Amino acid sequence: MTKILIARHGQTDMNAKGVICGLTDVPLNERGLEQAERLADAAEGRGIEVILCSPMLRAQQTAAAVSRRLGLPIITEPLLMEQDYGEFEGKDRLTEGFLFCKRNLACRCPGGESALQVAHRVYSLLDDVAQRYAGKTVLLVCHGGLARVMRTYFIDMTADQFTAYVMDNCHLEEYTL
């Protein structure tokens, strides 16, 4: 049995302002750095053997706190990059069209990705993790959009549930493969 722990990165200034971050590579703010330390506290005693992390700065900074605490290296995994929100990058989360694309999984954000495209890469990654790290406990440090899609790998969700689901910064969820 393989355990998968999924954590969203700590808070950034863009998160705090309700701005769509996506592929914009920004650092954690002070609160985000504190959240990362609390995530490291929560990770202790969970038996984590492998840390896979998005290459994006905010995720790397978050994973670094856990890495230091557990004495484990960070393995950078490009498939854990956040969804490409295209033209919605840097805009308010209530921007017209964004919620439509979020709710309609096959809708590609203009100039970006659809949730189905994200699911393709994330589901492939989870399948690979199950084989490559069979019987281990693996921490995936990623992003809110990815965490939402990953949740559908483990739990059936309606479109309304999918749209409404938000993983808090540095929240930790556990699943079994």
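Read along the sequence, the protein follows the pattern β-α-α-β-α-β-α-α-β-α-α-β. The model is predicted, so local features need pLDDT of at least 70 and side-chain atom pairs count only at pLDDT 80 or more, while totals for chains, interfaces and linings use all residues. Residues are numbered from 1 along each chain as its sequence is written, and side-chain values use heavy atoms, with hydrogens and water left out.

**Exercise 1. Determine how many helices and strands the protein has.**

Step 1. Helices (H or I, at least four residues) and strands (E, at least two) are taken as DSSP runs and numbered from the N terminus.
Step 2. On this basis, the protein has seven helices and five strands.

**Exercise 2. Compare the radius of gyration of the protein with that of a compact globule.**

Step 1. The radius is taken over C-alpha atoms, and the globule rule is 2.2 Å times the number of residues to the power 0.38.
Step 2. For 177 residues a compact globule would have a radius near 16 Å; the protein has 15 Å, which agrees.
Step 3. Along the principal axes, the C-alpha atoms fill a box of roughly 45 × 35 × 25 Å.
Step 4. Buried residues (under 20% relative accessible area, with a 1.4 Å probe and protein chains only; exposed is over 50%, partly exposed in between) make up 50% of the 177 residues.

**Exercise 3. Describe the salt bridge between Glu 37 and Arg 68 and its surroundings.**

Step 1. A salt bridge requires a side-chain nitrogen of Lys or Arg within 4 Å of a carboxyl oxygen of Asp or Glu; the count by this rule is 10.
Step 2. Glu 37 and Arg 68 meet this criterion at 3.1 Å, N to O.
Step 3. Glu 37 belongs to helix 2 (residues 30–43) and Arg 68 to helix 3 (residues 57–70), 31 residues apart.
Step 4. Glu 37 is partly exposed at 33% relative accessible area, whereas Arg 68 is exposed at 58%.
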